[in-house]
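Please walk through this structure with me, beginning with a single side-chain interaction and moving from there to the disulfide and the nonpolar cores.

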Amino acid sequence: MNRTTLSLIAGTAALAAVTAFAAVDSPSASGAAAAGTAARLPVERTSLVCPAPSTSDLAETTYTSFTPVTKGAARGGAARLRAAGEQSADGGSGKDGKDGKGDKGDTGEKGGGKKAGQPVLTPKAPGTPATGDTSGGDAPALLGTADGAFAPGWTLQETTEVAAGTGRGLLGVTCAGADTEFWFPGASTAAGRTDYVHLTNPDDSAAVVDIELYGKDGAIKAPLGENLTVGPGASDAVLLPTLTGERQTDLTVHVSVRSGRVGAAVRALDDKAGGDWLAPAADPAADLVLPGIPKDATDVRLIAFTPGDDDADLKIRLASPDGLITPAGHESAHVKSGMTAAVDLGDVTRGEAGSLVLTPTGQAEAVPVVAALQVVRGKGDQRETAFIPATAAVGTRATSAGNSAKGTTLALAAPEGTATVKVTASAGSEGGTPAAKTYTIKSGTTQNVDAPVPTGLKGTYALTLEPVSGGPLYASRTLGATTRSTPAFTIQTLPTDHGLVSVPETEEDLSILQK
């Protein structure tokens, strides 16, 4: 799933166009090496969308923007943010759509169209975080673009603290690029849950979207989720119970875009157990990793769905600090085609760091699935909830913004082979000197590492992860804030920050491109 809009300089783009269909990364059929190699170049333009953070009058939201310093990046440029519904700086309409639901009636909250006045923050030069904040329940969704030196790896974190009421606690989401398809295993229409699908359209033309729901018995009829229109530059939030009268504890939400593109996220709120953002799960795959289960988790629930025609049989393992183990009584899961399955894993980590690893069982066919974890800390009326969707590996680099000296936990998992990674802490948003550490994570393990903190830190800071050697590395960041006796928390996975793009090289004469 390509969640970032990428644009290279004209010459490079032309080069990519000429060689787009060449198999340059693998040997030819005769065994000879390919004529060209793929160069990794910094992107020159990117875009992000942030959902409207909350409707609670008690909400306090902080945004943190950060671009890592990238070798070879273009000079100059800027990063800009505006509220959904406002006119874009280049003269685009940015006009708010009706309500994102066409003529099918009101099915959600009011989203776009709220004027933000001055930008919530002004991004700083690469290497330095910038922060801004809002309060109350009227903050709009945000649309962001970055170019030049500000584009490679631009990361924007939205973190909201709600002191009381439905969905109280800490809600966090990494703002992401627009796309055309999203999977959300872990949503719910159960009593006590209030889940919204947030759709944000960054473009100057309307997007048409379908929302499909899948429960324990298969597809759920939801005609009001079909053919939804999200206006140009607008944002809408669709309340799931308005799409169906069925009350189901575990749902998989599928968002598909017929025309245009949108950013999507689910705000999942619980009357008694807090709430958090449910980010999109990684694309359907036979092997999945869900990193960074808190060591003090009291209840962990796996929700999985297979979109294909075949059932999936999954082997469940936990990557612990000592290696891969099989949770007693939860060795496997059977996921029927087109149906959402759930497995209660209880306090599976038992006081140690852990990541869930899903693979096909035995000789079972490799069937693609999507999955997420619902994680609860605390007990009784002191429970708090967060989600961990299956995620892609860190790749070349991953970036996490909005960290604090005492509230950040960095989890690193290496399920397929020992991996070494360099972690760099940026300067603080209000002062401090960058710092870096290198960690080696043994094969099959998860470690909650003592992440570096800028010397003389003032404000918040960013973490940049760069694998050095070894197998694939998976990561997540947990933010904590003590608002009650049980610390509120939110978890964001750390896949690639899309700062670099592979562009094939060729030895052919491209002078014709200049004519």
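A polar contact here is a pair of N or O atoms within 3.5 Å, of which, within protein, one must be able to donate a hydrogen and the other to accept it. In this predicted model, a polar atom of the side chain of lysine 437 lies 3.3 Å from the backbone oxygen of aspartate 450. Lysine 437 belongs to strand β32, which covers residues 435-441, and at 33% relative accessibility the residue counts as partly exposed. Beyond its neighbours within four places in sequence, lysine 437 is in contact with Val421, Lys422 and Val423, as well as with Asp450 and Pro452. Alanine 451 is 14 residues from lysine 437 in sequence, with the two C-alpha atoms 7.5 Å apart in space.

The disulfide count comes to 1, and this link joins cysteine 50 to cysteine 175 with an S to S distance of 2.0 Å. The link is right-handed, with 110 degrees about the S-S bond. It connects distant parts of the chain, since cysteine 50 sits in strand β2 (residues 45-50) and cysteine 175 in the loop between β9 and β10, 125 residues apart. Cysteine 50 counts as buried at 1% relative accessibility, and cysteine 175 counts as buried at 4%.

In soluble globular proteins, nonpolar side chains tend to be buried together. The largest nonpolar core here has 29 residues, of which Leu290, Ile293, Leu302, Leu356, Leu358 and Leu373 touch the most other members. Leaving aside neighbours within four places in sequence, leucine 302 is in contact with residues including Ile316, Val343, Leu356, Leu358 and Leu373. A second, separate core of 27 residues has Phe182, Leu240, Val262 and Ala264 among its members.

Terms used. Residues numbered from 1 in each chain as written. Predicted model: local features only at pLDDT ≥ 70, side-chain atom pairs only at ≥ 80, totals over all residues. Heavy atoms only, no water. Core = buried A, V, L, I, M, F, W, Y, C linked by side-chain atoms within 4.5 Å. Buried < 20%, exposed > 50% of the residue type's maximum accessible area, 1.4 Å probe, protein only. Contact = heavy atoms within 4.5 Å. Disulfide = S-S within 2.5 Å. Helix = DSSP H or I, 4+ residues; strand = E, 2+ residues; numbered from the N terminus.
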